[in-house]
Amino acid sequence: MRRRLNRQFVVFTYAFIALLTFLLAEGCRKDPNMEPCNSLAATPYSLVKPLRFPDMTIPSNNPLTEEGIDLGHYLFYDSTLSFNHTISCGTCHRPEYGFADSGKVFSLNAKSLPTKRNTPALLNSGYQNKFFYDGRQLTLEDAIDDAIVHEMFVDWDASIKYLSASSFYNQKFVAAFGCDSAINKQNIIKSMAQFIRTIISSGKSDIDTKLIAPNNPSLLSAAEYNGYQLFVSARGDCFHCHFTSPLTSDNLFHNSGLEDSDTTFFGFKDLGRGGFTKDSIDNGKFKTPTLRNIAMTGPYMHDGSLQTLKDVIDFYSDSVKWSPTLDPKMIHAGNIRLRLTPTEKADMLAFMNTMSDREISVNPKYTNPFYRH
Ligand code: HEC
Ligand code: HEC
């Protein structure tokens, strides 16, 4: 009996030692696919913003770094994030069109279906605190998550697997988020948010160099100056919603009279803000879009129903429609239509054109980085 126990003990000890040796050997064996990780801390990045632009609030859990922005720049143009690898953010948000789509009323999503709304410009988005025409997201990170899901139908597991298999991306994720960083949904979104926060006006458009920075409207041409006067005066009255800061949007929701409500209160084709808040007082209200780069981002309005800037000016002049939620700011001396003269319309158009910022269309900081390879 005693001898048997002893033998059992010896066998057990041998087995235990063998197991330990095996585990140790496995642990030390070098994974041939694993590069040694020696990342330096990511380099903090300070935003370059034009004169008189406000400071941007950057969330403390996603500070801007050179490496994070660089990674986000690539991911923004990488169709790996769409479920069938067909489209990227940059397919719809194109720098040469002010980060809106190329003249399309609606864009095609990854399932080749038209988007619900016209693709907006992504310029100066980091300044916003409500995203999409209905303001359904409150942070840029959540807006990006929403876009990847609803426009690109991301399959997170498949995309992450694909990115993880790439040594190019492995290096970029380590550089941006450190050695223990994972290629995961959170870091993908964070890096894209960092990139989008850098897409701000260059300050080189006429409205900046002639009007806002030197604060000297007389540098504008006569037509541009008259258009500006119309824009900021009670006669044109655009500034209440569009000129509260150099960002040219108050980031609030208004019904600017594009649609009537088919005589019933709920008859808007798109309820806009009301579709999100479920409060009928918000029906027909949409977030004020930026007018920066406006000459490049047509067609216009949430439904892309106005083809040209001239059409938009004609709309404010001659075809604003009444509905119960029409913004009081759209009523001028009892009239909802401005009835601009042909000269006033031409002046307004000239002023709109001062907001074009060609710099961001061609700056390699923003254009598709894969074309450089
Ligand atoms: C198929 C075209 C398409 C693709 C692809 C696309 N978007 Fe968009 N994006 C839109 C449309 C359309 C809207 C407006 C939707 C709305 O307001 O309901 C929008 C709105 C946004 C907004 C809110 C802008 C604002 O001013 O409120 C952000 C931010 C955004 N997209 C980022 C992205 C990012 C990042 C990606 C890639 C992950 C992306 N989008 C991919 C079409 C697209
Ligand atoms: C009551 C607020 C308000 C006033 C006043 C106002 N706008 Fe707008 N503007 C908006 C809103 C909201 C939209 C988006 C409406 C939509 O998509 O249906 C918009 C859209 C636009 C667009 C199209 C932007 C795009 O990207 O599609 C232009 C251009 C424009 N406005 C110019 C003007 C001009 C010029 C004036 C003065 C004549 C003016 N606005 C007065 C709120 C206003």
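Predicted model: local features only at pLDDT ≥ 70, side-chain atom pairs only at ≥ 80, totals over all residues.
User: Which element gives the most to the shell around ligand 1?
Analyst: 26 residues surround ligand 1, the closest being Cys89, Cys92, Phe132, Tyr133 and Ala147. Two helices, α3 (89–92) and α4 (140–150), each supply at least two residues of this shell. The element that gives the most, with five residues, is α4.

User: Which element gives the most to the shell around ligand 2?
Analyst: Ligand 2 is surrounded by 24 residues, with Cys238, Cys241, Pro289, Tyr300 and His302 the closest. The elements giving two or more residues to that shell are α10 (239–242) and α12 (309–319). By class, the shell has 13 nonpolar, eight polar and three charged residues. With three residues, the element that gives the most is α10.

User: Are α2 and α7 roughly parallel or roughly perpendicular to each other?
Analyst: Helix α2 spans residues 66–76 and helix α7 residues 185–197. Their axes lie 7 Å apart, at an angle of about 100 degrees. Angles of 65 to 115 degrees count as roughly perpendicular. The two helices, α2 and α7, are therefore roughly perpendicular.

User: How do the residues of the contact of α2 with α7 divide by class?
Analyst: On the α2 side, the contact includes Gly68, Ile69 and Leu71. On the α7 side, Ile188, Lys190 and Ser191 are among the residues met. The contact residues divide into eight nonpolar, five polar and one charged.

Methods. Residues numbered from 1 in each chain as written. Chains lettered and ligands numbered in written order. Near = placed C-beta within 6 Å. Helix = DSSP H or I, 4+ residues; strand = E, 2+ residues; numbered from the N terminus. Nonpolar A, V, L, I, M, F, W, Y, C, P; charged D, E, K, R; others polar. Axes fitted to C-alpha atoms, helices over the stretch in contact; angles between N-to-C directions. Parallel < 35°, antiparallel > 145°, perpendicular 65-115°, else oblique. Contact = placed C-beta atoms within 7 Å.
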